[in-house]
Amino acid sequence: MTRIKFPSAITILFLLTMVMAALTWIIPAGQYQMEKNETLGRPVPLVGSYQPVDANPQGLIEILMAPVQGFYDPDGYVARAVDVALFVLVIGGFLAVVTRTGAIDAGINGSMARLKGREKWMIPLLMGLFALGGTVYGMAEETIPFYALLIPVMIAAGYDSIVGVAIIMIGAGIGCLGSTINPFATVIASNAAEINFMDGFGLRLAILVLGWLACVFYVMRYAEKVKRDPSRSLVAHQKEANERHFLHGKEQQAPELTPTRKLILAIFALSFGVMMWGVSAGGWWMAELSALFIGASILVGLVGRLSEAELTGSFIDGARDLLGVALIIAIARGLVVVMDNGNITHTILHAAEELLSGMHQIAFINAIYFIEAVMSLLVPSSSGLAVLSMPILAPLADFAGIGRELVVTAFQSASGLPNLVTPTSGIVMGGLAIGRVSYGVWLKFIGPLLGVLTLMVMAMLSLGVVLGA
């Protein structure tokens, strides 16, 4: 019997782009009137200003242009995903240069020797660190380089690639889902809702802590099951291939952790530390981060005494390995461009506005959560979704008799979903591509956890309504 194979990430995204283009022929086109918000520094939609506009259905040419437009706007020459895609290629080159020195292999071997029998405690620790990044500044694109670093460690510890992917994606994702002071989600949404971003902090903190505990238990339980019996891994059929790929097929003795390799690992760690500082406090984004890792690659090459040919060759080979990930990120962004160009984004939001009128308080806040969850699949950018939806949905809370901070909490809990599962997110599809985990396998793994998190958030939002009544 022939086994049905789930299509690749690129195929899934291209098919979704075609579906979205088809919807632009069916869903009526419309737009809200936009007004400049001085606090946010960008236009926001006005409540009650929705009007039909001329349709702009997307055809074959627009579908084929979508991946290109995902990289940049060919009319205004404005970057879309090209900066993130370039960052991914640079990271691939950097990791390959460090790997060429033998420092990573030596470091992994040394770590496993020290953690012998206690490897499982890396899971809550690392998930806590990624969750902290998610809740403080919305860690997302910055997680990409950690996959190639962490997955080999997990495989060497006796787990599988899914455990490595889960630690990063679910760790940062639960942090974003439980955003407390994330400026790119909670702060922007609160400003758009015209409230203080600290309103509702306690409820969001409770969601973060409970969600983190649930996620850690779920991942540790799966990891222990795989370590006891590798055949129970969801990617057991890839075990040997993954070991060759992530552990570089090296069956000989691991290289010695010499002083030079220790210095390279210190440079390696410092590079990521500088990255964290740059994003959270230095105002850096992808261009600065790409420059950082280009410089770090050169420094590692000099310290590791690589020849010019070894340095440049390793960098190019590493970038080539992540070329598919860069393309996935651009295609995912192109899907959103098709929807926006087809003038159906605001129509979907207007339908939500009409649906919510006259609902009971608990039903209202949970409906907000599900509407924002659906919208987050279409608009993976948390800041973009906040600016688009909060000026429309937050004022409706006044009529429902609940605080606007609950609407903000419902928004940020829902906008954390793209960090876990949505195929329109280049971060999700890119992380899975690096981990060599198919989207179908990921859905099978994370499905039960999504159900638990959804019920938990609904219960907390309902509790917020009761306590605020």
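# Cavity, aromatic pairs and selected residues

One cavity of 30 Å³ or more is counted in this structure, which is a predicted model. Rolling a probe the size of a water molecule over the atoms shows where empty space is left. The largest cavity holds about 60 Å³ of space. Its lining is made up of Met139, Ala140, Thr143, Tyr147, Ile168, Met169, Ala172, Gly173, Asn419 and Ile427. Helix H7 (residues 161-177) supplies the largest share of that lining, with four residues. By class, seven of the lining residues are nonpolar, three are polar and none is charged.

## Core and Trp442

The largest nonpolar core has 144 residues, and among these Ile170 and Trp442 touch the most other members. Helix H20 gives the most to this core, contributing 13 residues. Trp442 is buried, at 0% relative accessibility. Which residues does Trp442 contact, leaving aside its neighbours within four places in sequence? They are Ile162, Val165, Ala166, Met169, Ile170, Leu420, Val421, Leu432 and Val437. One of these contacts, Met169, also belongs to the lining of the largest cavity. Ile170, another contact of Trp442, is the residue named beside Trp442 for touching the most other core members.

## Aromatic pairs

The count of aromatic pairs comes to 11. One of them joins Tyr72 and Tyr77, with 6.2 Å centre to centre and 25° between the planes, and is stacked. The pair counts as stacked because its planes are under 30 degrees apart. Tyr72 is partly exposed, with a relative accessible area of 31%, whereas Tyr77 is exposed at 65%.

Another pair, Trp442 and Phe445, is tilted, with 5.4 Å centre to centre and 35° between the planes. These two residues lie three apart in helix H20 (residues 439-468), so they are separated by about one helical turn. Elsewhere, Phe87, Phe94, Phe268 and Phe293 form one aromatic cluster.

## Residues joined across the sequence

| Pair | Separation along the chain | C-alpha separation |
|---|---|---|
| Trp284 and Met154 | 130 residues | 30 Å |
| Phe184 and Gly384 | 200 residues | 8.9 Å |
| Asn366 and Ser462 | 96 residues | 7.5 Å |

Trp284 is found in the loop between helix H11 (259-280) and helix H12 (286-303). With a relative accessible area of 25%, Trp284 is partly exposed. Not counting residues up to four places away in sequence, Trp284 touches Val274, Trp277, Gly278, Val279, Leu289 and Leu292.

Phe184 belongs to helix H8 (residues 183-192) and is partly exposed, with a relative accessible area of 38%. Beyond residues up to four places away in sequence, Phe184 touches Tyr137, Ser382 and Ser383.

Asn366 is placed in helix H16 (residues 361-378). At 9% relative accessibility, Asn366 is buried. Which residues does Asn366 touch, not counting those up to four places away in sequence? The contacts are Met458 and Ser462.

Most residues other than glycine have a negative phi, and most peptide bonds are trans. Asn343 has a positive phi of about 60° although it is not a glycine. Asn343 sits in the loop between helix H14 (323-341) and helix H15 (345-356). At 17% relative accessibility Asn343 counts as buried, because the limit for that class is under 20%.

Arg436, likewise not a glycine, has a positive phi of about 55°. The loop that holds Arg436 lies between helix H19 (426-435) and H20. Is Arg436 buried or partly exposed? At 32% relative accessibility, Arg436 is partly exposed.

Note on methods: Residues numbered from 1 in each chain as written. Predicted model: local features only at pLDDT ≥ 70, side-chain atom pairs only at ≥ 80, totals over all residues. Heavy atoms only, no water. Phe/Tyr/Trp six-rings, centres within 6.5 Å; stacked < 30°, edge-to-face > 60°. Buried < 20%, exposed > 50% of the residue type's maximum accessible area, 1.4 Å probe, protein only. Core = buried A, V, L, I, M, F, W, Y, C linked by side-chain atoms within 4.5 Å. Contact = heavy atoms within 4.5 Å. 1 Å grid on protein atoms, 1.4 Å probe; cavity = no way out; pocket = protein on both sides within 12 Å on 5 of 7 lines; lining within 4 Å. Points joined across faces, edges and corners; volume = space filled by probe spheres on them. Nonpolar A, V, L, I, M, F, W, Y, C, P; charged D, E, K, R; others polar.
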